[in-house]
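Take a look at the sequence and structure, then read on.

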Amino acid sequence: MNDQRPDPDALLEAVRGNAEHSKRGQLKIFFGACAGVGKTFAMLQAARQAQDEGVRVGIGIVETHGRKETEALIDGFAILPRKTLPGNGRPVTEFDLDGALASDYKLLVVDELAHTNVAGSRHAKRWQDVEELLDAGVDVYTALNVQHLDSLNDIVGGIIGIRVRETVPDRIFDSATDVVLVDLPPDDLLARMNAGKVYLPVSIERARQNFFRRGNLIALRELALRRVADRVNADVRTYRVSHAIKTVWPTQELLMVCVSADRSQEKLVREAGRLAQRLQAKWIVVHVDQPYQNNDARSREALLVIAKTAQSAGAEFANVPGQDITEAILDYARKRNATKLIIGNTARRRIFTFKRRLQERLARANPEIGLLLLSVDEVRATRRVRWIPEEPQTQIAALGIATLACGAATFLASQLVGFFDLSNVVMLFLVTTVFIALRLGRLAGAWASLLSVGCFDFFFVEPKLSFAVTDTQYIFTFALMMVVAVVISQLAARLRSEARVARAGERRASALARIARDLSSAIKIDQVVAICREALTPLFEARIILLVPDKNERLMPTEDPGLVDTSTAQWAFDHGQQAGLGTQTLSAAHALYLPLKASMAMRGVLAVVPVGAPLPDDPDDRRLLDACCSTIGLTLERIHFMEVAQETLVRMEGEKLRNALLSAVSHDLKTPLTAIRGLAETLEHRKELPVEDRSDLARSIRVQADELKRLVANLLDLARMQSEGVRLNKEWNSLSEIVGSAVLQSRAILEPRKVRTNLPADLPLIEADATLIERVLINLFDNAAKYTPRDSTINVRAGATADTMYLIVEDNGPGLPVRDPEMLFEPFARGQKESSVAGVGLGLALCRSIITAHGGSIRAEQRKPNGAAFEIRLPLGTPPAIESEPIHDQAAHSDR
């Protein structure tokens with residue numbers, strides 16, 4: 001029963017394509033052979049019909065070229081203003097993309113898709129403007145001539161003798177929602193041109209002598225018709241896949257050439273190529289890879305030669321797996337919508353034929369596809385030998401092992417014949433035959449079958465030790481035993497071949513999965529190089545060298561530059577094609593160079609240098625190598641974009657810090673400078689001030705100067721510490737002296753707040769840079785003074801454990817304004833983004849840098865019920881021995 005369900009993968013691809021198109025605007029292209037066939041006229045008529053149906057239509061840009069009929073059709077449409085750009089000495093108007101995106105039109109008419117925009121536009125080509133409109137969900141009507149298609153540019157140039165510079169990628173044409181062919185016979189087009197409906201009268205004669213010759217117009221018309229037919233054929237294939245239609249719709253001629261792994265098939269491929277050229281039809285060369293076939297070296301070499309011959313002739317080569325040749329060919333032909341099958345027909349006929357020939361089976365199974373037979377002479381010297389075993393043993397060794405196995409079976413049967421009937425002993429020979437066929441292949445299995453029958457007759461059937469048979473029933477037994485043994489041996493050999501093919505496929509799939517897994521975690525090119533060296537080198541028995549481009553797109557080998565030819569690799573990189581050993585381009589090279597193609601660009605070249613053994617010539621191995629190249633190319637592209645993202649992130653962080661620094665300098669450093677300037681002007685102009693007021697003003701100036709000095713010092717110190725690191729001048733110091741000095745220096749900042757210290761008299765000495773620790777405490781005091789009321793109390797207490805000394809500075813102010821206290825220690829971080837308190841946000845960041853350099857830690861926490869606490873922990877070393885003094889009090893308390 002035929003399965004009429006659609007292929008899930010193909011159906012999913014079609015649904016995915018429809019989903020992608022539903023999110024974008026729809027593109028409708030009015031396509032013609034050349035100017036003057038009426039593309040713009042037909043486009044405007046379609047736009048007017050859409051407007052009559054209620055669609056908001058706008059004219060983005062339309063070139064009328066002075067044609068009155070076209071100008072008349074524009075009346076009644078809303079026309080978008082054009083953008084004026086400076087041209088070569090005079091202003092030039094251009095399509096305004098930003099204005100089109102800002103408008104609310106559902107449909108825009110944008111003429112001349114291949115137009116090159118004026119320098120200074122956002123995009124170089126108008127088709128790029130159209131793509132941005134489509135991405136924004138705007139439908140677009142546009143017009144295009146066949147000579148502007150990228151794939152046909154060379155062909156058109158050869159026909160008309162002029163190379164068209166403005167081209168459009170074929171993917172734009174193929175991805176369009178709809179293509180309308182606007183056609184006009186050459187004679188009618190020439191009549192329109194003579195009537196002045198195509199060009200102005202001054203240009204008619206020049207156009208007739210150059211572009212608008214009748215032969216040119218006929219050729220361009222054929223190209224346009226064929227290109228539209230190709231697109232329609234692709235739509236037909238999509239429809240057949242989505243609706244599970246198995247029958248072939250012969251909408252476009254497609255020849256499928258069926259070949260076997262034989263050198264005689266080269267002639268068949270060449271003959272089919274000439275036939276396809278005469279019919280102007282596409283063609284495919286197909287080989288059915290049966291799992292039970294023996295793939296000897298001659299067959300693999302012949303298949304590789306056939307594949308190269310087909311590809312060089314312009315055909316696609318496909319190696320299709322399948323159990324049955326007829327079913328595999330017909331299934332692939334229906335899938336590709338092939339219209340004719342081409343099969344080689346040898347002149348030599350076999351005398352005995354046990355099954356129908358391939359062409360007969362194809363004709364019976366599928367009468368709707370045409371069948372062509374081309375005469376092919378067999379090449380006996382390179383004819384495929386199906387009985388050669390694939391194991392390393394030679395034929396003689398395999399036959400010898402089979403002979404020894406049959407001898408061992410005969411000896412064992414002679415020991416069992418006294419206990420079992422001969423009919424049971426026969427099973428021992430059958431088991432031996434199956435074992436030999438599984439291990440040594442068909443030839444050894446057939447030899448074991450013949451030898452088993454001979455041994456059974458010679459040693460166990462009366463008269464023994466003779467091939468004579470007294471009972472004629474044994475003749476039937478011998479024949480049946482021979483048939484059963486041969487059939488079983490062939491089935492066992494087929495199972496062995498299928499298992500070998502499955503193992504080879506599993507090996508390739510596992511290797512590709514392993515390489516893809518390893519490459520998925522690679523974040524540096526060095527890691528990709530290591531994976532290529534460790535995974536691909538043993539897999540293909542060749543040296544694998546990766547070449548990546550530098551900033552100037554010049555390839556640089558990542559290792560062993562003496563083993564690669566950079567000029568050949570550069571050619572492969574620039575052209576995106578294989579080159580070097582085993583190819584038809586620069587074949588004198590000593591290595592094979594494979595371009596690493598990715599989705600966006602070419603990312604490098606993989607050089608395969610043979611070491612001892614030749615390059616892999618098996619088609620499956622070459623496909624595996626191509627898949628590895630694709631995976632490596634995608635990995636290199638991912639690494640490239642990771643580096644771009646990292647550089648962008650670094651620039652963003654630098655810009656963020658720069659903006660924060662400018663904000664701090666422009667505001668927080670400006671505040672004390674303004675105060676100093678104002679106080680100084682007061683002293684200068686008001687000389688009659690009392691001495692006490694003048695002293696207060698001078699003291700205020702000093703306080704503001706100290707604040708300015710502290711801000712600048714923090715900024716410079718933090719920058720120096722981040723670039724050069726913290727330089728410590730460690731000495732053994734008393735923590736009480738450091739705290740006392742810091743409190744004394746901060747007295748002007750803290751007034752009128754109270755500072756209460758609680759420092760045990762028996763605190764051990766600490767090895768630290770006293771100046772920097774004082775700097776930490778001064779910044780903590782300054783931070784407390786800024787964010788606490790004037791009547792607050794600041795407590796400083798310390799203590800020591802076995803290996804750590806802790807110092808806590810706490811206040812009874814409003815507490816920490818942020819949920820995550822760790823944010824306070826970041827450079828330019830403020831507890832409140834919008835705060836009236838002066839400060840750059842560097843003090844706590846500087847504190848952490850200094851404490852971390854001492855091997856300690858600093859953290860902030862919220863006090864209950866209110867207030868904030870900063871805890872410093874510093875490691876205790878082994879202090880030097882000092883003379884102890886009698887201790888009168890357990891702790892020293894002071895209020896300052």
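## Cores, a helix and a sheet

The largest nonpolar core has 60 residues, and Ile29, Phe31, Val109, Leu133, Tyr141 and Leu144 are the ones that touch the most other members. A nonpolar core here is a set of buried Ala, Val, Leu, Ile, Met, Phe, Trp, Tyr and Cys residues joined through side-chain atoms within 4.5 Å. Buried means under 20% relative accessible area, exposed over 50%, and partly exposed in between (1.4 Å probe, protein chains only). Apart from that core lies another one, of 42 residues, with Val739, Ile749, Ile766 and Leu777 among them.

Keep in mind that this is a predicted model: local features need pLDDT of at least 70, side-chain atom pairs count only at pLDDT 80 or more, and totals for chains, interfaces and linings use all residues. Residues are numbered from 1 along each chain as its sequence is written, and side-chain values use heavy atoms, with hydrogens and water left out.

Asparagine 145 is found in strand S7 (residues 139-145), and its 10% relative accessibility is why it counts as buried.

Zooming out, the protein comes to 27 helices and 26 strands. Helices (H or I, at least four residues) and strands (E, at least two) are DSSP runs, numbered from the N terminus. Of the 896 residues, 42% are buried.

Now for helix H26, which covers residues 770-787, 18 residues in total. From first C-alpha to last, H26 reaches 26 Å, close to the 26 Å expected at 1.5 Å a residue (that is, 1.5 Å times one less than its number of residues). H26 is mostly covered, with 14 of its 18 residues buried. Aspartate 769 caps the N-terminal end of H26, with a side-chain oxygen 3.2 Å from the backbone nitrogen of threonine 771.

Finally, there's an open sheet of five strands in the order S15-S14-S18-S17-S16, with antiparallel pairing. Strands S15 (555-557) and S16 (579-580) stand at the edges with a single partner strand each, so one side of each is left without a neighbour in the sheet. S16 is joined by two bridges to strand S17 (residues 592-597); strands pair if DSSP finds at least two bridges between them. Alanine 579 stands opposite tyrosine 593 in S17.

Key: A polar contact is a pair of N or O atoms within 3.5 Å; within protein, one must be able to donate a hydrogen and the other to accept it, and residues adjacent in sequence count only if both atoms are side-chain atoms.
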